[in-house]
Amino acid sequence: MTENSQNRHTALEERAAVLARMEGFSRFVLRHKLAVTLAWLALTVAGVLATSQIGGRLTAQNAIPGQPSYETNAAIARTYGTGGRGDPLVPVITLPAGRTVDSPGVRAGIGRAFAAAATAVHGRAVSYADTGDRRLVGRDARTTFGLVYGPAGQRGVMGAPDLSGPVTAAMRAALPPGATLRVTGMEPLQSGGGGSGHGPDVLSETLVGGLGALTVLAFVFGSLLALVPLLIAACSILTSFLVVYGLTTVTDVSVIVQFIVALIGLGVAIDYSLLLVTRWREEQAAGHEGDEAVRRAMGTAGRAIVFSGGAVAIGLVAMVVLPVPFLRSVGYGGIIIPIVSVVAVLTLLPVLLARFGSRIDRPRLRRGGGAGRGWSAWARGVVRFRWAAVVASGAVLVALAVAALGLHLGDPESDALASSGPAYEGRAALVDSGVPTGVLTPIDVLVPRGGDPAATAARLTRLPGVVTAVAPDTSAWRRDGTALVAVLPAAEGGSAAGKDTVRRVRAAVPAGVGVGGSAAVGVDFAKAVYGAFPLMLTLIAVATFLLLARAFRSLLLPLKAVLLNLLSLAAILGAMVLVWQDGYGSKPIWGIAATGSITEFVPVMVFAFLYGLSMDYEVFILARMREEYDRTGSTRTAVVEGIGRTGRLVTSAALILFLAFASLASAPITELKVFATGLGLGVLLDATVIRALLVPALVSLFGRWNWWLPRWAAWALRVRPARLPPEPVPNPVPAGRP
């Protein structure tokens, strides 16, 4: 027996053992069809009930306990009951022509208006009337602004009530006749400028994504079978909500989790269902029927689904170990999704296929069971021109990855938020009067007992990048021996210059003086999340490598998968920089100006979810390539058959996820648009440039080295080794044929 034949014999023996284990599991499931069906029915009904109750149990807080800004904001909230981590409202008053802030009675009227605003929202305010600071007045002397802080706990969180309406109503009655009032601020700008403050609705977003998925599935299957993956997704999503509901009893869970569970769950459950249903169709086309076809499909596709779910979960471990509670809860929610989806696909879906599959696979407009002609031709072309494919796709990815080097973390700049409405008009009035927009993101300084707030304000006013610092001598700003100072920077807190101003303020204040506000939170958030990120990235990459090395009995295939995933993620970050931070896509598509930065939580969340989702496609493709290589011993055949049989599946799955993310990108909140865009572009880039072009080209180039697993590695992985055989000479390709 030749070395190549011996390797194939060993691989086939191991595959037969795996097949036997999966078939044994599928026999157990199919022997208990009624119990499985009733169990999932009960879970789904309970999930419906949990979904109706879960909204009130989710938290909108995104705090980072232990960080200096968190502790300062918490102390301000405890002592003053106002402010905290959110930015204040910024009422902008424009006096009628012929009147200035120095006109008789104007300053007193401004003072009454801001006092009324503070009373209306049970907060505190500061303005030119309190301080006489001319830096709170525009260069035309007709425009002036101030700060209004609302109650603590209601600012800086998703879903917080919009107070611009009550502030506007309270101030107008006290303003001088003819004055124009427009209330702006980062939060009303973020909500779209209309003052609604309402974000996207989970149900509507899921229905839009589900409709898009049904369209793709109908095209893929050409029969009523398209409804089955959607049914599995519905059961998986509702059961995941049930688990999340239970999770809320032991820990805080972010409101973002409901979107993650619904939309990621929709895509992942359909992905896994597509894989199993497609393989079931192949088995039926090969002459197997009933339970036998289901068992054989489970023996091959089921193993890939298990490893794929494990890869997704490993990617989300990064979220769980981060020292940020709201990201940790998103990680918990994200891990629940693939686990529940895998269980649903491996238990409920086989029962449905065995009972109803043949009956609902009608009118069968598309025939299943073989490799797609178009995808097989594509794979042969990639194999033939593999060097060109590697160079072309690599150039695209490297170019995008280089753009990622310009990534700047921070909240979007104010001109990238609202494009109309009172908040937009108020910001425009500030800019027109020469006031820098950094005043929208003031830095809060808490002076402890025994400190000198006036001296602190004077010192901070002299710092580069600071417009002014005010320390009102009123009960709303001085309490229990402490005092508050509001530092108004020239640059917005999300910008690089704004963060530098925060660092200068921290360096300038004496020990014991706290520095808070949204900009300080951004600085601390980035440090907490990304400080240990390289280590976590290494651990995740190693864990994924070991999982895939065991799955594919290879060292090179999992190494390639991990490295390509990291390159893909770098390319996606680069695409986000170009589309949003630099505005090359945001302006022409959404009419939104360049954000100038990417919100701190977005890259890590995009990484965590895309790492697992893109690994899904890698597992689908490589599992089929490994199977074909074990059967034929030819790398070329493995590539052509692997792509031919999974190409449509992977692109369809990616398109379904893209449509789900596109529905999320329709939300009026810029941060959600950026996040959804990153995920949507990620799955498309991964399914096209990487999985359809670069992966088959590299596997073809690596040849026999793809399938090598030395004895020491096999011993560590507890699988049989695969020696390095000579690559069999492929059949010559006739001239003129790919």
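**Salt bridges, rings and a covered strand**

Buried means under 20% relative accessible area, exposed means over 50%, and partly exposed lies in between, with a 1.4 Å probe and protein chains only.

A word on the source. This is a predicted model, where local features need pLDDT of at least 70, side-chain atom pairs count only at pLDDT 80 or more, and totals for chains, interfaces and linings use all residues. Residues are numbered from 1 along each chain as its sequence is written, and side-chain values use heavy atoms, with hydrogens and water left out.

Back to the pair. Lys-560 and Glu-618 form a salt bridge, with 2.5 Å between the closest N and O atoms. Lys-560 sits in helix H20 (residues 556–581) and Glu-618 in helix H22 (residues 601–632), so this pair ties together parts that are 58 residues apart in sequence. By salt bridge I mean a side-chain nitrogen of Lys or Arg within 4 Å of a carboxyl oxygen of Asp or Glu. Helices (H or I, at least four residues) and strands (E, at least two) are DSSP runs, numbered from the N terminus.

How many salt bridges does the structure hold? The count is 22.

Stay on H22. Glu-628 bridges to Arg-624, closest N and O atoms 3.4 Å apart. Both lie in H22, 4 residues apart, about one turn of the helix.

Now a salt bridge with another setting. Arg-478 pairs with Asp-473, and their closest N and O atoms are 3.6 Å apart. Arg-478 is partly exposed, at 29% relative accessible area. Asp-473 is exposed, at 63%.

Next, the rings. A search of the whole structure finds 5 aromatic pairs. One of them is Phe-607 with Tyr-611: tilted, 5.5 Å centre to centre, 45° between the planes. The rule covers rings of Phe, Tyr and Trp (its six-membered ring) with centres within 6.5 Å; planes under 30 degrees apart are stacked, over 60 edge-to-face, and the rest tilted. Phe-607 and Tyr-611 are both in H22, 4 residues apart, about one turn of the helix. Buried or exposed? Phe-607 is buried at 8% relative accessible area, and Tyr-611 is buried at 0%.

Trp-705 and Trp-708 make an edge-to-face pair, 5.9 Å between centres and 85° between planes. Trp-705 is partly exposed at 41%. Trp-708 is partly exposed at 29%.

Arg-124 has its charged end over the ring of Tyr-149, 4.1 Å from the centre. The charged end of Arg-124 also sits over the ring of Trp-477, 4.6 Å from that centre. The test is NZ of Lys or CZ of Arg within 6 Å of the ring centre and within 35 degrees of the ring normal.

On to Gln-258, in helix H10 (residues 256–285). Its side chain reaches the backbone oxygen of Val-255 at 3.2 Å. Leaving aside neighbours within four places in sequence, Gln-258 is in contact with Leu-58, Val-202 and Phe-241; contact means heavy atoms within 4.5 Å.

Last, strand S7 (residues 466–470). S7 is mostly covered, with 5 of its 5 residues buried. S7 pairs with strand S9 (residues 482–489) in the antiparallel sense over 4 bridges; two strands pair if DSSP finds at least two bridges between them. Thr-468 stands opposite Leu-488 in S9.

Note on methods
Polar contact = N/O pair within 3.5 Å; in protein donor to acceptor, adjacent residues only side chain to side chain.
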